[in-house]
Amino acid sequence: MQVVDLRSDTVTKPTAAMWDAMRRADLGDDVLGDEPTVAALEAKVAALLGKEASLFTPSGTMANQLAIRGACEHGDEIIAHRDSHVVHYETGAPAAISGCMIAPLDGDGGLFGEPDLLRALRGRDIHSPRSRMVVIENTHNRGGGTVWPLELVREVSGAARRAGLHVHVDGARLANASVAGGYSMREVAELADTVSICFSKGLGCPVGSALAGPRAFVDRCRRFRKMLGGGMRQSGLLAAAAIFALDHHVERLAVDHANARRLARGLASAGISGLRVELDPDSIPSNMVFLALGPEHGSAADAAARLAARGLRVIPMGPQRLRAVTHLDVDGAAIDRAVSIVREVLGSAPRAGRTADSSPPAAIFDLDGTLFDTFDDHFAAWREACREQGLSLSREQFARTFGRRNEEIIPELWTSAGRPAPAPAELDRVAQHKEQLFRDRFLASPRPIAGAEQMLRALRAAGWRLAAGSSAPPANVQSFLRAMPARLTFDATVSGADVVHGKPHPEVFLRAAERLGVEPARAIVFEDAAAGVEAAHRAGMKCVAIVSPGRTREELRHADLVVDDFHSVTPGMLATLLGKESCQDSRSSPALPRSH
């Protein structure tokens, strides 16, 4: 089977000409300082970027971490976009290696400006970390392959330098940014104190990156490279590939960018329900195409596995997000084959039949904490279970763990008391005992959330389908159902027997919708936990959050509607919500949208 691999531009193989250059390389020992091809590469990169010196490294991660280690001290803070590579894909190295915090910034496409930077700056206060560095990722991976405009780099760099910050450009794909942005790599590098560039991505080399900056700084980082195990001996083989790539593979990146737009246009015009190209196909900035998946296709990981089985490799970048990256090993014919595979695998909706508009509206309730106030019952059960183990539990301690899985809570409580975490069998015994204590107490005096019964009756009268969905143990769900008022029943239920027991998960709500015979887009989930709100949205459903005891409005802010109780919730309001994309807060006016 012919495979089209679009997982990353790191999957490329050396071209025949690159192999020849590698075989002809003069070799020495770089750790001993006499590797001629590495020295030639480092001089070439320094000149290309307008810096005094550069350092060859095994990876882009090491290049970034050397810059951080060279510029920062323990207790310093680095300002970077929250979706940056240094935040998500470098294994917590800023903290582990350099003892630094990250101050994350927001901004569309991974970009931010001077006002964002200034808001993140720390004042001169002995209690605060020291703002020391700003990182600009160009192009920006998770942002969609976004290219930083040169003027925006200049704006952020100027503000950072006036504030005394070290400016580092994570230029893993700086060559792509240069070609797409119409500026030279040097123009960007001149606005930074240090800059990294990767050879093993779009430039097509098997291994290697470089860090460029002032000579004294690079010499300092050379020592840290050795400390981190990054010294390579006969690395001229790899340096020769990088030299070849800089000479022959930069301008051709425009082909990769054109192929990315070709891919995006093909997928956008395929008319596949539940599949959306995140950006306008003609506005794809570089060599990355991001796809948003609807719940009918399962998770991104599921969809990627199905595509791989048919010969197309892409990579999940979130629960419902896929990434495809074009590169020099993929031509136009391969792009067209990729579009055909996506049409074949995802083009037929798994849930054929009724359309979303023809489905009846549905309400799916997470029983625990949504229809019933269970905070005090859970707390009392946990306190009794802990007391039997010789542990004390305060209400404040419990509030911090409320809503988490037993398998997470028990080890934490034991450890905080200075005791080793219990063995699995003991953990299971304690968890089962706690759940029984909870059921006994809850059933003795169930306390419905104010207005819940009236709202359920109103929904039933208006023709809504009702389901109770929870990942709690089946016995707990049955306890909730027995506590419901007489003649008030659900059309479907889901419990921990139907899905993996644990935190709220999209599968809980999708399974409930399936049993109700409704499309996810026609369902509203009622939740009381932030994890449940997220799960509902991942399932493609609207979410109403109830501020139950132990919860706050702030943690529920991403729900589509936030209410203190159900007195103000009507079927008409919910029907309107099914057609809206905005967030609302019932304390002010249900008709007024509140932005996320």
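Predicted model: local features only at pLDDT ≥ 70, side-chain atom pairs only at ≥ 80, totals over all residues.
**View 1. Helix α1 and its two faces.** Helix α1 takes in residues 16–23, and its buried residues are M18, A21 and M22. Look down the axis of α1 and these buried residues sit within an arc of 100°, so they line one face of the helix. Turn to the face pointing away from that buried side and you'll find the exposed residues A16 and R23. As for what sits over the buried residues of α1, the cover includes α11 (236–248).

**View 2. The second largest cavity.** Searching the whole structure turns up five cavities of 30 Å³ or more. Sort the lining by class and you get twelve nonpolar residues, one charged residue and no polar ones.

**View 3. The buried side of helix α21.** This helix spans residues 474–483, with N476, V477, S479, F480 and A483 buried. Around the axis they cover an arc of only 155°, which puts them on the same side of α21. The spacing rule behind such patterns is a simple one: an α-helix has 3.6 residues a turn, so residues three or four places apart point the same way.

Terms used
Residues numbered from 1 in each chain as written. Heavy atoms only, no water. Buried < 20%, exposed > 50% of the residue type's maximum accessible area, 1.4 Å probe, protein only. Helix = DSSP H or I, 4+ residues; strand = E, 2+ residues; numbered from the N terminus. Arc of directions from axis to C-beta. Contact = heavy atoms within 4.5 Å. 1 Å grid on protein atoms, 1.4 Å probe; cavity = no way out; pocket = protein on both sides within 12 Å on 5 of 7 lines; lining within 4 Å. Points joined across faces, edges and corners; volume = space filled by probe spheres on them. Nonpolar A, V, L, I, M, F, W, Y, C, P; charged D, E, K, R; others polar.
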